[in-house]
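Let's take a walk through this structure together. Have the model open in your viewer and follow along.

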Amino acid sequence: MKIGIDLLWVRPGKCGGTETFIRHLMNGLAEYDTVNEYLLFVSRDNAESFSGYGENARMHLFVCSAVSADRAGRILWENLHLDRTARSQKVDLMFIPVYSKPFTCGKKKGKIPYVSVIHDIQALHYPQYFSRIKYWFLKFMWRHTCVSSDRVITISEYCRRDLIAHYAMVEGKSRVICVPVETSPSEMPPSVIEEKYHIKKDNYFYCVSSMLPHKNLDTLLKVMAARKQQGSDIPLVLSGVGGQREAFAAAVSELEISDLVIDTGYVSNRERDCLYENCRLFLFPSVFEGFGAPPIEAMRRGKRVVMTRKSCLEEITQGKAVYVEQPYDVEEWNCKIQAAMELSEKRYDFPEYELAWAVKQYLEVFEDAYSIN
């Protein structure tokens, strides 16, 4: 089977968890699938970031005239040209890793089956975080994806239930496949991050998160301010891309905790992994996730995680973290952090999130979608 993958939407280093997801999955397809051929539809401005996959004999890049940084132009190109281009390239099945399934998908005769992934439907829960245009666009695209895709993959049972509650027609064609989470040693000495960020091994809190409102970083900053008043000098190190960085910096300044909050911005996987390995605790205050890989990455390294139970988070961490019952309660956060600091480190394997297992399930869905057309 020749499988096309839409990568036009990827803006390298700016798409956060969705970019990490597709790159991990493609690594797995390259390693574990020895049968199928893949055609990667890339844009003019992200093709170089995917060039390494072209070294695989079964993966080929097709550079489209779209530009990922031009969202409106990219969406227009996808809808006008992607399906037609896929058919001209003799693609047997199209895989859409996000909600951007094109409308122009050919007539019944010669139709290519589509498998799409919906990571979450956040805008339906937090419309205030989106412009009116984007809200209606997302709502329309999710419905279109649910109606017209041959199979729809969600990344947690919570997400599947949520999707069915809003788009009942997706129930019979949806399946949960958890996000593959790769975890490997950084092989970076702690001295590198100690010198770069002026921190000490085992004496800082770590968080990987964008700065979007549902990530609840405001509460975490208030926790840091409260801890400072109590005499704590343990800093918070935050790594992530996207969101309201200026508002975050303003909150740090207003709370007078600039000496205790270190915003690394985007970091390489190796540096991020080193920060995971050497933190005292991993803190994850988010109140809405479709999956949420960072707590898994931390727990696999033996780190104690303090987090909320919201959305899918207790499901994907299987009740093995330290949970805050009231996500916006500064005092409870402080108490749970203190309690977690008394616990010894403990590694959890989470084999359900291994890359090989995810690839096996995706290949089953691809075969299923292809067989019904």
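**A guided tour**

N216 sits in the loop between strand 8 and helix 7 (217–229); here helices (H or I, at least four residues) and strands (E, at least two) are DSSP runs, numbered from the N terminus. What you are looking at is a predicted model, in which local features need pLDDT of at least 70 and side-chain atom pairs count only at pLDDT 80 or more, while totals for chains, interfaces and linings use all residues. Residues are numbered from 1 along each chain as its sequence is written, and side-chain values use heavy atoms, with hydrogens and water left out.

Back to N216: its phi is near 65°, a positive value in a residue other than glycine. In general, most residues other than glycine have a negative phi. N216 counts as buried because its relative accessibility is 4%; buried means under 20% relative accessible area, exposed over 50%, and partly exposed in between, with a 1.4 Å probe and protein chains only. K90 also has a positive phi, of about 60°, although it is not a glycine. K90 lies in the loop between helix 2 (71–88) and strand 4, and at 62% relative accessibility it counts as exposed.

Strand 5 and strand 6 pair in the parallel sense over 4 bridges: V115 has R151 in strand 6 as its bridge partner, and S116 stands opposite V152. On to strand 7 (residues 174–176), which runs parallel to strand 6 and is joined to it by 3 bridges. There, T154 has V176 as its bridge partner. The chain gets from strand 6 to strand 7 through helix 5 (residues 157–166), and this β-α-β crossover is right-handed, meaning that, with the strands pointing away from the viewer, the path from the first strand over the helix to the second runs clockwise.

I96 belongs to strand 4, and with 0% relative accessibility it counts as buried. Which residues does I96 touch, leaving aside its neighbours within four places in sequence? I96 is in contact (heavy atoms within 4.5 Å) with D6, L82, K101, P102, Y114, V115, S116 and V117.

Helix 1 (residues 16–32) has 17 residues and reaches 25 Å from its first C-alpha to its last, close to the 24 Å expected at 1.5 Å a residue; the expected span is 1.5 Å times one less than the number of residues. Its buried residues are E19, F21, I22, R23, H24, L25, M26, G28 and L29. They pack against strand 1 (2–6), strand 2 (37–42), strand 3 (59–63), strand 4 (93–96), strand 5 (114–118) and helix 13 (355–371).

Strand 9 (residues 236–239) runs parallel to strand 10 and is joined to it by 4 bridges, with I262 in strand 10 as the bridge partner of V237.

The axes of helix 6 (residues 190–197) and helix 9 come within 9 Å and cross at roughly 95°. That makes helix 6 roughly perpendicular to helix 9, a label for angles of 65 to 115 degrees, whereas those under 35 count as roughly parallel, over 145 as roughly antiparallel and the rest as oblique. At this meeting, P190, I193, K196 and Y197 in helix 6 meet E271, C274, L275 and N278 in helix 9.

Methods. Two strands pair if DSSP finds at least two bridges between them. Axes are lines fitted to C-alpha atoms, for helices over the stretch in contact, and angles run from 0 to 180 degrees between N-to-C directions.
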